[in-house]
Amino acid sequence: MSAIPTNASVPIGLRGFVSDWSSDRNTFHVAWGKAMMWIFLLSDTFIFGSFLTGYMTVRASTTVPWPNPSQVFSLHVGGTDVPLLLIAIMTFVLISSSGTMAMAVNCAYRRDPRNAARLMFVSAAFGIMFVSMQAFEWSKLILDEGVRPWGNPMGAAQFGSTFFMITGFHGLHVTVGVIYLIVVAVRLLLGRYERKGNYQIVEIAGLYWHFVDLVWVFIFALFYLW
Amino acid sequence: MSTASGTQQHPISLYLKIWALLFVLSAMSYMVDYLHFQGLLRWSLILVFMMLKAGLIVAVFMHMAWERMALVYAILVPPLALLVLVGLMASEAGHTFLTRLLYFR
């Protein structure tokens, strides 16, 4: 008395297993590439979320004072120390790259691959600027301030390990994103998506790029400002 | 707005406004540090600006505001589990801190 109707055309066993998992059905009424990118970003959210939670745990449980990020990341400009100056500039650079990327998606859907590619190159250039400033920040911290993953002269040893882990993983995402944007932009110029008549890939690449900006919002607030 | 083929088409001016808004919000969260706000005021301002910026990026730049409800909930609900993790680890960290105060000083 099974409630499931038996259907002779549905295969069983291993063949049925494969056909069930590969049957082309959409759960979400969006392009599959977009749904998959969102699911990837969801998994990435858990990675960064776990990193930031780990950072919270070690910071809240150490009895040694935490180094003051406002002072550690200050820049000496015009005779005074401006707190967090470089980090603020990096934040504005990344937001700007998100802005140009959003406009690139708009151009792509208006079937304007030239301007879409141009704006994507601008976004990638902002991304390169961001990574370069991060490289500068890392070398300043390692060479001048003596911060190491296992200790630093300013306070709690966990500062270095969480800082290098979290910003390093984010910087890796930015670097991968720059390569991704350049690849898609070059293909735009070569007319690859015009031939297919589908510019969805620009929006999908944009999702990834905005996510990198999104993660930085949390790192900026929770690591640098807290 | 969102068309039948699933493409997202919104005016450029909308993106420019959000861009400007994100600039203002970032400048304001930077001012929290620059003006040396402390205590509860500092933490609440940091968190409010953070959530506003994250919300704008996800809703407008990532087009979540115009996506189908099924996708929105599939993506936005699971990260709430992280709040449970944060709660668990916060109490764990408090416990570790107290035992360190007792035995490792």
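**Exercise 1. Is His36(B) buried or exposed, and what can be said about its backbone?**

Helices here are DSSP runs (H or I, at least four residues), as are strands (E, at least two), numbered from the N terminus. Finally, look at the backbone: phi of His36(B) is near 60°, a positive value in a residue other than glycine.

A word on conventions before you go on. Residues are numbered from 1 along each chain as its sequence is written, while chains are lettered from A and ligands numbered from 1 in the order in which they are written. This is a predicted model, in which local features need pLDDT of at least 70 and side-chain atom pairs count only at pLDDT 80 or more, whereas totals for chains, interfaces and linings use all residues.

**Exercise 2. Where is Leu84(A), and is it buried or exposed?**

Find the loop between strand 2 (80-82) and helix 4 of chain A; Leu84(A) is there. Now count: with 22 other C-beta atoms within 10 Å, Leu84(A) is buried. Its phi is positive, about 55°, although Leu84(A) is not a glycine.

**Exercise 3. How do helix 8 of chain A and helix 2 of chain B pack?**

First take the geometry: the two helices, helix 8 of chain A and helix 2 of chain B, pack at an angle of about 180° with their axes 10 Å apart. Axes are lines fitted to C-alpha atoms, for helices over the stretch in contact, and angles run from 0 to 180 degrees between N-to-C directions. So helix 8 of chain A is roughly antiparallel to helix 2 of chain B (under 35 degrees counts as roughly parallel, over 145 as roughly antiparallel, 65 to 115 as roughly perpendicular and the rest as oblique).

Then list who takes part. Among them are His210(A), Asp213(A) and Leu214(A) from helix 8 of chain A, and Ile46(B), Met50(B) and Lys53(B) from helix 2 of chain B. Two residues are in contact if their C-beta atoms, placed from the backbone, lie within 7 Å.

Last, sort by class: the contact has 11 nonpolar, 1 polar and 2 charged residues. Ala, Val, Leu, Ile, Met, Phe, Trp, Tyr, Cys and Pro count as nonpolar, Asp, Glu, Lys and Arg as charged, and the others, Gly among them, as polar.

**Exercise 4. What does Ile46(B) touch?**

Locate Ile46(B) in helix 2 of chain B. It is buried, with 20 other C-beta atoms within 10 Å. Leaving out residues up to four places away in sequence, Ile46(B) touches Ala221(A), Leu225(A), Trp226(A), Ser29(B) and Val32(B).

**Exercise 5. How many residues does each chain bring to the contact, and which helix of chain B gives the most?**

Count both sides: 45 residues come from chain B and 39 residues from chain A. On the chain B side, helix 4 gives the most, with 12 residues. By class, that side has 29 nonpolar, 9 polar and 7 charged residues.

How values were computed. Buried ≥ 20, exposed ≤ 12 C-beta atoms within 10 Å, placed from the backbone.
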